[in-house]
Every structure is written in structure tokens, then in C-alpha cells.
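Biologist: Please take a close look at the aromatic rings in this model. Walk me through them in short steps.

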Amino acid sequence: MSAEQLAAEVPSAGRYDGVLRYYELAKRAEWQVRDLPWGEVPPIPESRGGAQKQARRKDVWRSVITQQLQADAFAVEMAAQLFQLAPHHEAKLYYSTMVQDESRHTEAWLKLTEEAGGTAERDPHLDRLARMFLDLQTLEEKVFLMQVFFERLIIPRFRLIARSSRGTVLEDLCNRLTVDDGIHHGAGMAYERVLLEEADPKINKQLVKVAEQMLPIFVEHALWRPPARARIAAAMHSRDVQRLRADLDDGVRLANSLGLDVSQIALPV
């Protein structure tokens with residue numbers, strides 16, 4: 001069941017109904033790392049062929065897992081910041097679940113990393129994004145870039161990884177993260193609307209400004225591939241760019257739905 005289907009089952013109740021709905025939904029959707037099919041299915045896709053080919057394929061999956069571990073480790077810090085900064089009781093309730101989610105995701109990626117043979121090269125552009133997000137000055141900026149934008153655009157990536165890793169622990173984990181991050185995004189949209197109702201009009205301009213600063217780094221992150229994935233990257237580049245354009249168009253639509261005019265931002269793809 002998707003995050004949207006689950007959300008429809010939770011009743012509404014006032015100005016913060018969206019935030020509280022996703023708080024209840026997050027509790028209902030909670031799972032534990034032990035629930036993953038450890039030992040029942042392979043941790044990552046198994047490949048055929050000689051030892052060299054198998055090693056190359058394993059390096060590809062180790063790279064994929066490392067990038068997701070890196071992202072969720074950063075998300076733990078960001079969720080903790082959101083919990084600390086949110087002034088509304090209802091939002092603090094929700095962010096208590098988001099901190100738990102991101103911590104659980106990190107635990108799962110750490111275990112899967114061990115099962116797959118260790119970590120690979122870090123994504124330097126993701127490190128830049130993390131530093132930028134953590135250093136933002138206002139709650140509105142943090143919710144907008146982390147939940148409204150980043151959490152939404154990472155969902156298709158989980159779906160793609162799941163489709164490419166059928167019958168593995170990796171597939172099961174990515175399917176669970178698709179639901180969790182759908183909840184994070186939905187809650188962020190609901191809370192950002194509340195925040196912008198109370199915000200100084202200057203905040204809207206600041207949100208557009210930080211989005212413009214973030215987009216080139218995000219594009220570099222989305223298209224970055226380490227040497228372990230160089231062959232696949234060359235073959236998939238055109239499709240990756242096409243998918244990224246669609247994702248960025250979706251980001252523009254989301255910003256517009258919050259009343260933010262991002263029409264002057266040139267999409268860097």
C-alpha cells in the first residue's frame with residue numbers, strides 16, 4: 001500500500017490535520033530492520049559469469065548501497081534539526097517519527113553494506129548538499145529543500161533500484177523506503193503550508209533563492225557515478241538526464257502549489 005492510500009484512511013481535524021495525519025500514518029507504517037528477509041533471499045542481486053564479472057557487479061551494488069547509506073545518515077541529522085526547530089507541538093510529534101525512520105533506514109543500510117562486502121566511494125556532491133541543508137538558517141528553508149524537494153525526488157530512485165534488484169533484501173528495503181519517504185514528503189508539504197501562512201513575505205523570495213543555489217548541486221549529485229558504475233553510467237546517461245528533467249519539472253510544480261514563483265529559475269540540465 002502506498003503512502004497516499006494509507007493517508008486517506010486517517011481522519012482530518014483542523015489546521016494541523018495534514019501534519020497530524022502523517023504522524024498517525026508514520027506510526028502505522030513503522031517497521032523494524034529485523035522484518036527484512038535476512039538469510040531468506042540474497043542481500044543484493046547475484047550475477048553469473050567469471051569471478052571478475054561477479055566482482056564488478058558486486059562493486060556496482062556496493063556503490064549504490066553506499067550512496068543510500070550516505071543519504072540516510074545525513075537525513076538523521078536533518079530530521080533531528082527539524083524536530084528541534086519546529087515550534088508547533090503537532091510538528092514535533094511528527095518529527096519524532098521521522099527521526100526514528102531515518103535512524104532505522106541507516107541501521108538497515110549499515111547491515112546491508114556489511115552483507116554486500118563493505119562500503120564504496122562516497123558521493124562528494126551529496127556531501128555538499130548535506131552541508132548546505134544543515135547550514136540553512138530558517139525552518140521554512142529546511143522543510144522546503146529536505147521534505148518538499150529532496151524526499152520527493154528520491155522516491156523514483158528507490159523504485160528504480162527495487163525493479164533492478166528483484167528477489168533481494170535490497171528490493172524489500174527500497175519498497176519500504178518508498179512508503180516512508182512518501183510520508184516524509186507528504187508531511188513536509190502539509191507543514192510548509194502552515195509555515196508559509198505565518199511567514200514574512202520575504203521568506204518566499206528566500207526559498208526561491210536557496211532553491212536556485214541548490215539545483216546545480218542536486219543535478220551533479222543525481223548524475224554522479226563513481227568508477228564502479230562508469231560503464232552503466234555511459235549507457236544510461238541519456239535516460240538519466242530525461243528522468244532528471246521530469247523530476248525537476250515535478251519540483252517546479254510542487255513549488256508552484258505552495259505559492260512560490262520559481263519561473264525565473266533556469267533548470268540546470
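Modeller: Start with a charge and a ring. The charged end of Lys111 sits over the ring of Trp38, 4.8 Å from the ring's centre. Arg104 also lies over a ring face, that of Trp31, at 4.9 Å from the ring centre. Keep in mind that this is a predicted model.

Across the whole structure, a search finds seven aromatic pairs. One of them joins Phe74 and Phe133. Their centres are 5.8 Å apart, with 65 degrees between the planes, and the pair is edge-to-face. This pair links distant parts of the chain. Phe74 belongs to helix H3, Phe133 belongs to helix H5 (residues 124–135), and 59 residues separate them. Both Phe74 and Phe133 are buried. Tyr94 and Tyr95 make another pair: the centres lie 5.4 Å apart and the planes stand at 65 degrees, so this pair is edge-to-face. Tyr94 has a relative accessible area of 1%, so Tyr94 is buried. Tyr95 is buried too, with a relative accessible area of 1%.

Rings also gather in a group. Phe74 and Phe133 belong to one aromatic cluster with Phe149, Phe150 and Phe218.

The axes of H3 (residues 51–85) and H4 (residues 89–116) come within 8 Å and cross at roughly 160 degrees. Angles over 145 degrees count as roughly antiparallel, so H3 is roughly antiparallel to H4. The crossing of H3 with H4 is left-handed. Their contact has 16 nonpolar, seven polar and five charged residues.

Notes. Residues are numbered from 1 along each chain as its sequence is written. This is a predicted model: local features need pLDDT of at least 70, side-chain atom pairs count only at pLDDT 80 or more; totals for chains, interfaces and linings use all residues. Side-chain values use heavy atoms; hydrogens and water are left out. Axes are lines fitted to C-alpha atoms, for helices over the stretch in contact, and angles run from 0 to 180 degrees between N-to-C directions. Helices (H or I, at least four residues) and strands (E, at least two) are DSSP runs, numbered from the N terminus. Angles under 35 degrees count as roughly parallel, over 145 as roughly antiparallel, 65 to 115 as roughly perpendicular and the rest as oblique. A crossing is left-handed if the near helix is turned anticlockwise from the far one by less than a right angle, and right-handed if clockwise. Ala, Val, Leu, Ile, Met, Phe, Trp, Tyr, Cys and Pro count as nonpolar, Asp, Glu, Lys and Arg as charged, and the others, Gly among them, as polar. Rings of Phe, Tyr and Trp (its six-membered ring) pair if their centres lie within 6.5 Å; planes under 30 degrees apart count as stacked, over 60 as edge-to-face and the rest as tilted. Buried means under 20% relative accessible area, exposed over 50%, partly exposed in between (1.4 Å probe, protein chains only). A charge sits over a ring if NZ of Lys or CZ of Arg is within 6 Å of the ring centre and within 35 degrees of the ring normal.
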